Amino acid sequence: MRSTLFAGLALAVMAVGTAAQAQQTPAPVSTYNYHDAFAPLFYTKNGNDYRAASGEPGPRYWQNRADYQLAATLNDQTNQITGSEVLTYTNNSPQNLGFLWMQLDQNLFRQDSRGTAITPVSGSRNGGHGQQFDAGYKIKSVRIAGTKGTDTLKYIINDTRMQIFLPEAVKANGGQVKLDIQYSFITPEYGSDRNGILNTKNGKIYTIAQWYPRMYVYDDVMGWNPLPYTGPSEFYLEYGDFDLNITAPANHIVVASGELLNPQDVYTPEQLKRWAEAEKSENTVVIRSADEVTNAASRPAGKKELTWHFKIKNARDASWGSSAAFIVDAAKMNLPSGRKSVAISAYPVESNGNDAWGRSTEYVKRSIEYNSKQWFEYPYPAATAVAGNVGGMEYPGIVFCGYRAKRSQLWSVNDHEFGHTWFPMIVGSNERLYGWMDEGFNTFINTLSTADFNKGEYAPKKPQDMQRMGEILTRQTLEPVLSNPENLKEANNGMLLYFKPGTALGLLRDQVLGHERFDFAFRTYINRWAFKHPTPDDFFRTMENASGESLQWFWRGWILNNWRLDVAVNDVKYVSGDPSKGALITITNMDKMVMPVILEVKTKSGKTDRIKLPVEIWERNNSFVVKYNSTEEIESVTYDPDKSLPDFNTDNNTWKK
């Protein structure tokens, strides 16, 4: 917490009734209603056996599980991926499930999809940017694993969803079903900025995601969550173990989620030595250099294709990249437990250089090391950053970032995408409904990791002017943060999913709770909901219970509503008209948001004092009178002198003699 109380300040604070205040100074017209800001019954539901009132999972909390054995073959001439999937689905719910819902996200790029239909003519980050090709999944068969012939299960595909009808319901409380699904699709060149193909002088770079039919979540909140994928909102997925076998042309290098299990089959003996060095090195070790990219000897000889075997455990998804153009480098990461994990970068010659991707592995390493120490240990055996045509997208153990990024931009995108390891890879919130719970939380932790990196190499050089940002953060064209991402104007996504909730958490930490209390509560939330599915209420309740503070006024102002902050310093009067007997300073909350108050008092002799008032002064008052123990005339009183609060109207922030 920033210290706003100066040593030696003698201060007395008293609340004065509305009528008494009116006798001293007529209160300005205010739209603030303290009954709205501090209303009771913020939570509409009591805690239960599944989700406790304290914000933690209840004694009967459950969630289902999806384990995948995936195999895919990449044809780099046709851009087709041919895949097979064995899904083991475990039903831990109290209900028998007679049908399953699966996500077919590649169907977004079909010309007849909902996502294509709602893409504005002015363009969008979402969709396939107008590419017309044979898009979408070709589902060849869906069977109970182990059956053959014509035993295909009945299924219905509607847009990006597939409903599978089972011959027997999956029993409650631990029942399982194992499905075998055969499929193929052609990957788009631009896949809603989440996957795609980058053409480089040494070959294509494939960044492959949403590449297999994935289970929808069945939970205790909504039952099935079969919302269509239209582009703006991201994903809600079950946890499980992933076993991946990716077959690609032999001149390709493949990187993927998790640990590579057969490096001896896909790297040269010299590269294996370099890998062994990297696993012990604090500094980046080049596995395949720029000079080696065009050298056939940098790939194993004798085969047209190679199969890469990866495994990742307790993850919600898995993705991969493949290219003949990859430079690869790596370094070890230092995790609190001492567990082994490696930072890796894969990028083309065009991205090489110490001002660009040559520092990527350093960035990945330092970002993950900081967040592992600060919040929760990184859970995967490797962390791979891939340069491609995706601006920035996260998956467990692997991220895709823009190949043109350099310096602070590359630090920022690597730090942000790997920050998503904590939200939503570890804390598995429903991104499809609550994008701010992963993007906003991640934006917040990025501010701390950036301040820490290399003694603030890329940190802002001066504090942000929150008064200037106040107008932007709370402009009246914004929807509330607590909005479905599909229900936001696309131009508002960056503000409402990323910046505003991230800023809110920063203010909660700096101005309301202080660093120690906030950090404890935030860690408690992460630990409680690691590899589980929290809702907004679970977060709100945990932060309140762990910090010992009622924060419902804060959630109302920042998350549930688009309220604005405007505090006015109205007047200064002296007790009995004598400055030596004390001053009465009147402030008024002019708008709907409330925050703690910081005042700076300057006296005639040049003395400066600070007054900090808790948010509770607004709990039953529109206007409030502060008694300041002055001994001389006051020259000025300024609200929020450090510009650390988002007061959008600064015209009334200062009273002058």
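Biologist: Does His-129 count as buried or exposed?
Modeller: The model is predicted: local features need pLDDT of at least 70, side-chain atom pairs count only at pLDDT 80 or more, and totals for chains, interfaces and linings use all residues. Numbering runs from 1 along each chain as its sequence is written, and side-chain values use heavy atoms, without hydrogens and water. Buried means under 20% relative accessible area, exposed over 50%, and partly exposed in between (1.4 Å probe, protein chains only). His-129 has 51% relative accessibility, so His-129 counts as exposed.

Biologist: What is the phi of His-129, which is not a glycine?
Modeller: Most residues other than glycine have a negative phi. His-129 lies in the loop between α3 (114–118) and β5 (138–144). Helices (H or I, at least four residues) and strands (E, at least two) are DSSP runs, numbered from the N terminus. The phi of His-129 is positive, about 55 degrees.

Biologist: Is Asp-159 buried or exposed?
Modeller: Asp-159 is not a glycine either, and has a positive phi of about 60 degrees. Asp-159 sits in the loop between β6 (155–158) and β7 (161–170). Its relative accessible area is 16%, so Asp-159 is buried.

Biologist: Is the peptide bond from Phe-423 to Pro-424 cis or trans?
Modeller: Most peptide bonds are trans. Pro-424 is placed in helix α8 (residues 421–426). Omega from Phe-423 to Pro-424 is near 15 degrees, and the bond is cis.

Biologist: Which backbone oxygen does the side chain of Ser-630 reach?
Modeller: Ser-630 is in the loop between β30 (623–628) and β31 (634–639). Ser-630 has 4% relative accessibility, so Ser-630 counts as buried. Leaving aside neighbours within four places in sequence, Ser-630 is in contact (heavy atoms within 4.5 Å) with residues including Tyr-574, Lys-581 and Ala-583. At 2.7 Å, the side chain of Ser-630 reaches the backbone oxygen of Pro-579.

Biologist: What relative accessibility does Tyr-68 have?
Modeller: Tyr-68 is in strand β2 (residues 65–75). Beyond four places in sequence, the contacts of Tyr-68 include Val-86, Leu-87, Met-215 and Phe-242. Tyr-68 counts as buried because its relative accessibility is 5%.

Biologist: What distance separates the centres of domain 1 and domain 2?
Modeller: The domain bounds come from an automatic or database domain assignment. That record gives domain 1 (34–58 + 458–559), domain 2 (64–238) and domain 3 (567–656). Taken over C-alpha atoms, the centres of domain 1 and domain 2 are separated by 32 Å.

Biologist: What is the area buried between domain 1 and domain 2?
Modeller: Buried area is the accessible area (1.4 Å probe) that two parts lose on being put together, summed over both. On the contact count, 7 residues of domain 1 meet 14 residues of domain 2. Carbon and sulfur atoms give 45% of the area buried between domain 1 and domain 2, which is about 860 Å².

Biologist: Which residues in domain 1 lose the most area to domain 2?
Modeller: The leading residues together give 58% of what the domain 1 side buries. They are Glu-486, Glu-490 and His-533.

Biologist: Which residue forms a salt bridge with Asp-220?
Modeller: A salt bridge is a side-chain nitrogen of Lys or Arg within 4 Å of a carboxyl oxygen of Asp or Glu. Between domain 1 and domain 2 the count is 1 salt bridge. The closest N and O atoms are 2.9 Å apart, and the partner of Asp-220 is Arg-51.

Conventions: A polar contact is a pair of N or O atoms within 3.5 Å; within protein, one must be able to donate a hydrogen and the other to accept it, and residues adjacent in sequence count only if both atoms are side-chain atoms.
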